Amino acid sequence: MLPLVEVPASIQSVLASYRHVFHRDAGFAHFSRHLTGLLLCENKTLQGIHHQWLLPAEAAISCRTIHAAVFEANWSRDQLMQTHRQVVSRHYRGRGRAVISLD
């Protein structure tokens, strides 16, 4: 599989709606990379996602940094879910119930 070098524009455009949930730009960038890895990497573990990213030396990050930004940073799960419902509901309004699953 080819290495990841940036978050694809299609994912960036969707994630822009969630930016306000994260207090720091760096935390949001790590979250964006992690979500991209979950969608595009074959090995969806934190280490597998981390190793798939090819970043310049000045932007190098550790597995621990990604973990801290995604799982330990001070962002609100409730605010994230509320925003997610608002973003997703725009696409399904008037179509009845739907189930979205990501495996």
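1. Let's start with His50: leaving aside residues up to four places away in sequence, His50 is in contact (heavy atoms within 4.5 Å) with Ile61, Ser62, Cys63 and Ile66. His50 sits in helix H3, residues 46-52, where helices are DSSP runs of H or I with at least four residues, numbered from the N terminus. His50 counts as buried because its relative accessible area is 17%, the cut-off being under 20% with a 1.4 Å probe and protein chains only.

2. A word on the source: this is a predicted model, with local features needing pLDDT of at least 70 and side-chain atom pairs pLDDT 80 or more, while totals for chains, interfaces and linings use all residues. Residues are numbered from 1 along each chain as its sequence is written, and side-chain values use heavy atoms, without hydrogens or water.

3. Now the overall fold. The protein chain has 5 helices and 0 strands, and its C-alpha trace spans about 50 × 30 × 20 Å along the principal axes. Of the 103 residues, 29% count as buried.

4. Which residues touch the most other members of the largest nonpolar core? They are Leu15, Tyr18, Phe22 and Trp53, out of 14 residues. Such a core is a set of buried Ala, Val, Leu, Ile, Met, Phe, Trp, Tyr and Cys residues joined through side-chain atoms within 4.5 Å.

5. Not counting residues up to four places away in sequence, Leu15 touches Phe28, Phe31, Ser32 and Leu35.

Definitions and conventions
Buried means under 20% relative accessible area, exposed over 50%, partly exposed in between (1.4 Å probe, protein chains only). Helices (H or I, at least four residues) and strands (E, at least two) are DSSP runs, numbered from the N terminus.
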